[in-house]
Amino acid sequence: MDFTPSEEQTAAQGLAARIFGDLSTHERLTAAGTGTDAELWKELCAAGLPAAVEDVGLLGLVLVLEEQGRTTAQVPLAATCVYGLLAVAAHGTPEQRERLLPGLRDGTAVATGAFPARGGVHIAEDGALYGSVPWVPWLRDATLVLVADAERGLWIVRTGEPDVTAVPVETTVPWSAGRLVLDGVRGERLGNGQPGAYADVLATARTAFAGLQAGVCAGSLARAVHHTVTREQFGRPLSTNQGVLLRAADAHMDTEAIRVTAYEAAWRHDERRDCAAQALTAAWWASEAGKRVVHAGQHLHGGTGADLDHPVHRHFLWGRQLDAYLGCGGEVLEELGLLLAHSSQEGAS
């Protein structure tokens, strides 16, 4: 295994770091409220970052999403790349790729996904889609939604259709979420219904959002380090207290565990190797360790961490949302255990 980024991946990460660092500031995030930062999204698309994902692969996307997570930038980058660009590029028909990818590349189309499949959407005998999904991230911004039905078939649904309703929902984080209601809409099947498409998209999503969580945790920890180094108590910095040092060290190790497991899953995906177990491992670390890190970051800020106007509070909220977005730690661990048991039985037979 070699997780060393290529020249193109490094360039994409550096460009993302500059744009997010310049535009996703505390002041701009405060002004944006719970909505998407449209100017930042335009800047990212003008710089070609969404389009670059097809060239830099999932590992490159993970690197870019780390930079987004550091600043908790409010843009639908992860959703558009995972449920749009990568899903259509990997599983769409040639006609779908030719028709859909240009808009997703330049940002005129925004995609999201009604994932994971929990049986809320069903196909009627006439082929229409019915049902609802309690909340879908960035649904209020989306023009396309990748819907997983109860049988794990994948459908592209356009939000402008009369039989599609998006009811605004406020979640822990400002992801412009909504409740998706389908009332007999004629969706477009992604690709030719090939088996394994749902599992691949879900594994890709879990890996990408684990990368986002790594960035959220890194940002939280960086703020905690700065606070404890500069804040003095009893005539010395807080960082000189052994309890503070140990808590920060544990948070650092947890952050690195999220990062390296996300890198491995992404690298295996790009190398076209089996990555189901690795994606689940990354998702488990993102859930369990991510929760610990953002709690530590807030705790190390003392009373300041409880201030809703302080930047570290955003990291706490993002970390908790990502903790359970595509399956909480217990769910993911159970799924991983079943996968490993099944693989063991197959190897023994």
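Is Q9 buried or exposed? At 8% relative accessibility, Q9 counts as buried, where buried means under 20% relative accessible area, exposed over 50%, and partly exposed in between, with a 1.4 Å probe and protein chains only. The model is predicted, so local features need pLDDT of at least 70 and side-chain atom pairs count only at pLDDT 80 or more, while totals for chains, interfaces and linings use all residues. Residues are numbered from 1 along each chain as its sequence is written, and side-chain values use heavy atoms, with hydrogens and water left out.

**Whole chain**

- The chain's secondary structure comes to 11 helices and 10 strands; these are DSSP runs numbered from the N terminus, helices being H or I of at least four residues and strands E of at least two.
- The chain has a radius of gyration of 20 Å, which agrees with the value near 20 Å for a compact globule of 349 residues. The radius is taken over C-alpha atoms, and the globule rule is 2.2 Å times the number of residues to the power 0.38.
- Along the principal axes, the C-alpha atoms fill a box of roughly 75 × 55 × 40 Å.
- Of the 349 residues, 52% are buried.
- Among contacts between residues at least 6 apart in sequence, 77% join residues at least 24 apart; contact means heavy atoms within 4.5 Å.

**Helices 1, 4 and 8**

- Q9 lies in helix 1 (residues 7–23). Not counting residues up to four places away in sequence, Q9 touches T4, V56, L59, G60, L63 and D270.
- Helix 4 (residues 49–71) packs against helix 8 at an angle of about 150°, with the axes 7 Å apart. Axes are lines fitted to C-alpha atoms, for helices over the stretch in contact, and angles run from 0 to 180 degrees between N-to-C directions.
- Helix 4 and helix 8 are therefore roughly antiparallel to each other; angles under 35 degrees count as roughly parallel, over 145 as roughly antiparallel, 65 to 115 as roughly perpendicular and the rest as oblique.
- On the helix 4 side, V56, G57, L58, L59, V62, L63, E66 and R70 make the contact. On the helix 8 side, R259, A262, Y263, A266, H269 and D270 take part.
- A266 is found in helix 8 (residues 242–270) and is buried, with a relative accessible area of 0%.
- Leaving aside neighbours within four places in sequence, A266 is in contact with L58, L59, V62 and T207.
- A266 and L61 are 205 residues apart in sequence, but 8.8 Å apart in space, C-alpha to C-alpha.

**Sheet with strand order 2-3-7-6**

- This open sheet has 4 strands with antiparallel pairing; two strands pair if DSSP finds at least two bridges between them.
- Strand 2 (121–123) and strand 6 (164–168) are the edge strands, each pairing on one side only.
- From one strand to the next, the twist averages 15°.
- Strand 2 and strand 3 are antiparallel, with 3 bridges, and V121 stands opposite G131 in strand 3.
- Strand 2 and strand 3 form a hairpin with 5 residues between them, and G127 in the turn has a positive phi of about 90°.
- Strand 3 (residues 129–136) is joined to strand 7 (residues 178–185) by 6 bridges, and the two run antiparallel.
- In strand 7, L182 is the bridge partner of G131, and V181 is the bridge partner of S132.

**Sheet with strand order 1-4-5-8**

- This open sheet also has 4 strands, with mixed pairing.
- Strand 1 (111–114) and strand 8 (188–189) are the edge strands, each pairing on one side only.
- Strand 4 (residues 144–148) and strand 5 (residues 154–158) pair in the antiparallel sense over 5 bridges, and V147 stands opposite W155 in strand 5.
- Helix 6 (residues 94–106) packs on the sheet and touches strand 1, strand 4, strand 5 and strand 8. The direction of helix 6 makes about 55° with that of strand 5.

**Helix 10**

- Helix 10 (residues 311–324) is mostly covered, with 11 of its 14 residues buried.
- The buried residues of helix 10 include H313, R314, H315, F316 and W318.
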